[in-house]
Amino acid sequence: MTDLTELGVKAIRDGVAAGDFSAREVAEAFNANVEAAQQALNAFIVATPEKAIEAASAVDAARAKGEALGKMAGVPIGMKDLFATKGVQTTAASHILEGFVPEYESTVSANLWKAGAGMLGKLNLDQFAMGSSNETSYFGNVISPWRKAGSNAALAPGGSSGGSSAAIAARLCPAATGTDTGGSIRQPAAFVGISGIKPTYGRCSRWGVVAFASSLDQAGPMARDVTDCAIMLEAMAGFDPKDSTSLNLPVPQWEAGLNADLRGKKVGIPREYRMDGTDPEILASWDRGIEWLKDAGAEIVDVSLPHTKYALPAYYIVAPAEASSNLARYDGVRYGLRDLPEGAGLQDMYAATRAAGFGDEVKRRIMIGTYVLSAGFYDAYYNQAQRVRTLIANDFKAAFELCDVILAPTTPTASFPLGDKVDDPLAMYLNDVFAVPASLAGLPAMSVPWGLNSDGLPLGLQIIGRAFDEQGVLNAGLAIESRAMFNAKPEKWW
Amino acid sequence: MVTSYRIQGATGEWEVVIGLEVHAQVTSNAKLFSGAATAFGAEPNSQVSLVDAAMPGMLPVPNRECIRQAVRTGMAIEAQINAWSRFDRKNYFYADLPQGYQISQLYHPLVGEGSLTIEADEKAGIPEDKVIGIERIHVEQDAGKLMHDQHPSMSYVDLNRSGVALMEIVSKPDMRSPAEAGAYMRKLRAILRYVGSCDGNMEEGSMRADVNVSVRRVGDEFGTRTETKNVNSVRFVMQTIEHEARRQVDLIEDGGTVVQETRLFDPGTGTTRSMRSKEDAHDYRYFPDPDLLPLELDEAFLDECRASLPELPDAKRRRYVEGLCLSDYNARELTAEVETFARFEQLLAETATKLEKSETEVATQVANWSLSVAPGVMNALGNEANPAHATASAQAAILGMQAAGDISGGQAKEIFEIVLKTGRDPQEIAETEGLKQQSDTGAIEAVIDDVLAANADKVAEYRGGKDKLFGFFVGQTMKAMQGKGNPAVVNQLLKAKLDG
């Protein structure tokens, strides 16, 4: 019998529907992998094998009764621990929410369960999704299943959705949810050789997702290939009246619309993304990607995104500003950690609770955010950053007059060793330099695997599309995927 | 426009300058951004949704009804309605503020400039009508409440109010005396209650004011102001102003300077004390709430708001005077409270229908009944009266009988008294209890003849020129009729018989 954990979303769904294997068998196989890898990879904060079995059994029972099965029926997935899950601890990888068990289910996770998916567990992440290497988690960093050729050094799985990326690459789950505020789906996907799409801002409800930066946060699927992402995104997305920024649009049939034939399409190559200091292998991968899309029938056009260099600074004003306000609710009053020293008053309790409950990176961003919003600095920082944001969105609008999708690298380098950048926040922030512009503009963007670099580590390519055109992004991704023929997987060492 | 109110200082006269920020709770079944209920007096923390408690991942969704009520209020003060407005976060930490920020509107409020008119009131030192400018109205969330008396060392938090919709109605610094401020508060309250956007219940905290006060030499630039927070009655607002103005004048005259600060009013002593100075003021770090899209109102929505506005206090008062020919006093009294005019207008309509007359013809009778007769009877009865029995139809029946001459004014009161106690039908009471007056000329003439015959000596005296005896004959006749003779008819017939 085939190893069920080598199967992706589509293969599992179709196999369960056809009766090739039961959903329960699939869940059991992944549960076993989760357990076996936990010690070494630390991908999960909590495993929920019973939830996976329960959902699988329900699917098997429904199939036995001849009932119609959902889009994700029988597929067990990992849930980033930023999504509130009813009755299951939800921490955002923070100490301040350690032990917090919500009485509600996020809209996105509820949509997935409705579609027949089951939960293998809550995946580790950077604390409050702030980080690019998973090293800011209170529950210890996730370790990438990948290793450099000839080295045993532990590598970063990317972040913030590093638990998601590591678990998929290591076959602990066929797919997982991610969230992307400034690259948190795309960068980890690129680091471990999987696919991940951040849809248009508003496609997936933010209701029940622990907020980092509200105007940027967007959930999306991470999976082994483009088709699996399309299937899962269909299950996750949809208008939600509980989220005022949710898009009131029907969910397109992305899976049915997949088409790798790009004849008649134009692919834009933004000249400003060819930055000094970018790894030559990354630039080479980009050139190769251009060739592939040409081969798929697309016309290649040069485009300009002139305000690209201001994107990262603007992002690091807007995101911390919103975060400093969004995280004010973690105050020790109503839930989560409360540190109340003997004889302490309210202010002392706030200080003690938040000092103990937040990690360094979270504190850093709260302080940056508080600073940029404070009287006398608001105009120079926050308002200026918002203006930059508008200019960046206009850059993309102008570029999309000339092309249908944009091709760019996902990251400036391949995965780096854990500990390498942990003391240098700016170097860490630079990891998201190619990812952040699409986030600021709210555009759909995806990373697909390109291949392995000379160190044997995966690289990804990024496709950015027009607002609401996830289909165009997925199709270009599929065209790359079918030419990259990426099938490498990390050699099992755990 | 001269307001005579002046503070007499040791060095001369001072003028007080007043601006009010009124927080009015929007009448709505649900909170501004959550579906939780808003009833007053519920068990602590029984009206709290996940959003109000700021659980992780919860998001605000604007409540259309709250927006509608604020827009209607803006229209009622003839203000600019901003079809595009936006919510901002006001960030600060406090235990009654679960999100760590209040969702408010700093930069782009829903309602722009408007005004209301306070009426001349000679006695209060307001010589003529005065227009008070209103800067803006914005909508925002209320905070919860801390309870410090439940535990020896801890404070408890009640989040029932957390997230309740408030309108902040900001006046311009246009008022110059406590009386003007009081009149402004009363007028604003009346408008809110007419519109139905706030119940105006100050005891329950539905309406409270931040009182901004400064003093200056007449004609000078504005002085430094203080802001006294959360004053919750019209009387306290006036006391706050009196005290603050006096305090500031004394301070300045003693060589001190007024500091811009937040103060608290103590209703026990009628004084204010410092809460925090400008140096300790919070930096609220306002920025647009990224969880919410800008609020955009379309024409259809605005049209509906406009169409749903009732007749407002000024217009109603004008109509009562000009259309119903009521006195200024009656018009003012009847239009002061929503309940008063509602009862009056219903009774007016029923009475006019009953008498087949126009409303104008019966308005004065109905107004006098509503303002003095009926309340007099009700107050005299105290607890014996069941107000539920005081229906418009019962009162219209009484007024109808009185207008037709079937009952006297005194009988009307007696009948109303029985109605209030028992709920019986007025017509039936008049019949059964013999509370009808005799208007039949034949019957009355017979009684008069008897009276004149029995008092022939007095008749002679009267005819001899002792006019004052006329009252005696009226009294004798009424006495013989057990008070049930229609006085007008009795008078008329007596006059004819005696003089004829």
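How far apart are the mean positions of the positive and negative charges of chain A? I looked this up first: the mean positions of the 43 positive and 55 negative charges are 3 Å apart. I counted Lys and Arg as positive and Asp and Glu as negative, leaving out His and the chain ends. I placed each charge at NZ of Lys, CZ of Arg, CG of Asp or CD of Glu.

**Basis of the entries.** The model is predicted, and local features need pLDDT of at least 70, side-chain atom pairs count only at pLDDT 80 or more, while totals for chains, interfaces and linings use all residues. Residues are numbered from 1 along each chain as its sequence is written, chains are lettered from A in the order in which they are written, and side-chain values use heavy atoms, without hydrogens and water.

**Chain A as a whole.** I found 15 helices and 11 strands in chain A; helices (H or I, at least four residues) and strands (E, at least two) are DSSP runs numbered from the N terminus. The C-alpha atoms fill a box of roughly 65 × 55 × 50 Å along the principal axes. I recorded 64% of the 494 residues as buried (buried is under 20% relative accessible area, exposed over 50%, partly exposed in between, with a 1.4 Å probe and protein chains only).

**Salt bridges.** I counted 59 salt bridges over all chains, each being a side-chain nitrogen of Lys or Arg within 4 Å of a carboxyl oxygen of Asp or Glu. Arg317(B) lies in helix H5 and Glu119(B) in the loop between strands E6 and E7, 198 residues apart. Both Arg317(B) and Glu119(B) are buried.

I then examined Glu384(B) and Lys421(B), which meet in a salt bridge of 3.9 Å, N to O. Glu384(B) is in the loop between helices H8 and H9 and Lys421(B) in helix H10, so the pair ties together parts 37 residues apart in sequence. Glu384(B) is exposed, because its relative accessible area is 51%, whereas Lys421(B) is partly exposed at 41%.

Last, I noted a network of salt bridges that links Arg206(A), Asp243(A), Arg89(B), Asp289(B) and Asp291(B).
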